[in-house]
Amino acid sequence: VAMGKTDTEDLDLYATSRERRFRLFASIECDGQLFMTPYDFILAVTTDEPKYAKTWKSFSKQELNQMLSETPPVWKGSSKLFRNLKDKGVISYTEYLFLLCILTKPHAGFRIAFNMFDTDGNEMVDKKEFLVLQEIFRKKNEKRETKGDEEKRALLRLQLYGYHSSTNSVLKTDGEEIVSRSYWDTLRRNTSQALFSDLAERADDISCLVADTTLLVHFFGRKGKAELNFEDFYRFMDNLQTEVLEIEFLSYSNGMNTISEEDFAHILLRYTNVENTSVFLENVRYSIPEEKGITFDEFRSFFQFLNNLEDFAIALNMYNFASRSIGQDEFKRAVYVATGLKFSPHLVNTVFKIFDVDKDDQLSYKEFIGIMKDRLHRGFRGYKTVQKYPTFKSCLKKELHSR
């Protein structure tokens, strides 16, 4: 049985950009609540739009539980978990937000959050403690309702969370937030607050309301009695980041061990607000005449660096305060000081060639940080299609490799 989207299409008018994107890629409905499959999630973070116009397939709770029986335990996780599960699993909207945060934030912050939610100090987090963490993400996403849309927002919340809830019943605040905060800021500022609010007291109620999902079964077992240690959680985060990056890399490499420098530029500029990408692509095309290619290790290290962009920006800004130009050596040192990552000379040179618009071999601090912040927040901001125009040399190289 399939439920069409026509009757609820106007709900997008009352949804945030994140909510609209989740509804666009979700493919399963159970008791009025929408879910993504693992495959839906992969598509949502690696493509611009669904491949096909989707309908929401209705599942009973029994069918959902049968699907979840194929979920492996956390100690059997791998960097192919989501690809192996494909459509055999479900991800809730709150988990979608949580997974996006894992893709775009440094691991160190999650260690702090994990320890904060380890309320009994046994270095393990149980299912109830984990659900409290997820509730913070739900609270952050709920925007203040305006007059006349109560019914629509209530229906939307039912679709996204599976139950009706009052906007003000999750965390006690000192009034409306004037400045919009990021999910990471909300997590850091509300973690300790949650532990002393009615949210912790309502953990049992939350546990009863939330349906089992692939993530909950993976972390806490079919009966929800297992506990999660940080080493397993860290491995899950690392595997998820690697899996998404592998998918992006392989979509350009066509089975080769490298992608071209121009393809690397395409990927970096994707999901950004850059209007004229041709300027940056031409920089690469003419500044690196001999294509060497970017390996997956280089590719992965760069995106690990992006997850620590705030720390890097502080380090890089010190050169500005000292009125020193930012050359390749300064850039490489700032990356290492802020993140502990060592970039290869070729990767650094490629990044400079992409962003060195005036060709003085110096990096524009403001422009680079601004564009990379856009790229980092993929899934949270707008999506921009970047069409691939491979060079003749790149095409020839891949054609020879396939023979």
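## Cores and ring pairs

Phe 98 and Phe 233 are both buried, meaning under 20% relative accessible area with a 1.4 Å probe and protein chains only (over 50% is exposed, and in between is partly exposed). This is a predicted model, in which local features need pLDDT of at least 70 and side-chain atom pairs count only at pLDDT 80 or more, while totals for chains, interfaces and linings use all residues. Residues are numbered from 1 along each chain as its sequence is written, and side-chain values use heavy atoms, leaving out hydrogens and water.

Now to the rings. Across the whole structure, a search finds 31 aromatic pairs (Phe, Tyr or Trp rings, the six-membered one for Trp, with centres within 6.5 Å; planes under 30 degrees apart are stacked, over 60 edge-to-face, the rest tilted). Here are two of them.

| Pair | Centre to centre | Plane angle | Class |
|---|---|---|---|
| Phe 98 and Phe 233 | 6.2 Å | 20° | stacked |
| Phe 219 and Phe 236 | 5.0 Å | 80° | edge-to-face |

Phe 98 sits in helix H5 and Phe 233 in helix H13 (residues 230-253), so their pair ties together parts 135 residues apart in sequence. Helices here are DSSP runs of H or I with at least four residues, numbered from the N terminus. Phe 219 and Phe 236 are buried too.

Let's turn to the cores (buried Ala, Val, Leu, Ile, Met, Phe, Trp, Tyr and Cys residues joined through side-chain atoms within 4.5 Å). The largest nonpolar core has 48 residues, and Phe 41 and Phe 233 have the most contacts inside it. Helix H5 (residues 93-104) gives this core its largest share, 9 residues. A second, separate core of 43 residues includes Leu 245 and Phe 368.

Key:
Helix = DSSP H or I, 4+ residues; strand = E, 2+ residues; numbered from the N terminus.
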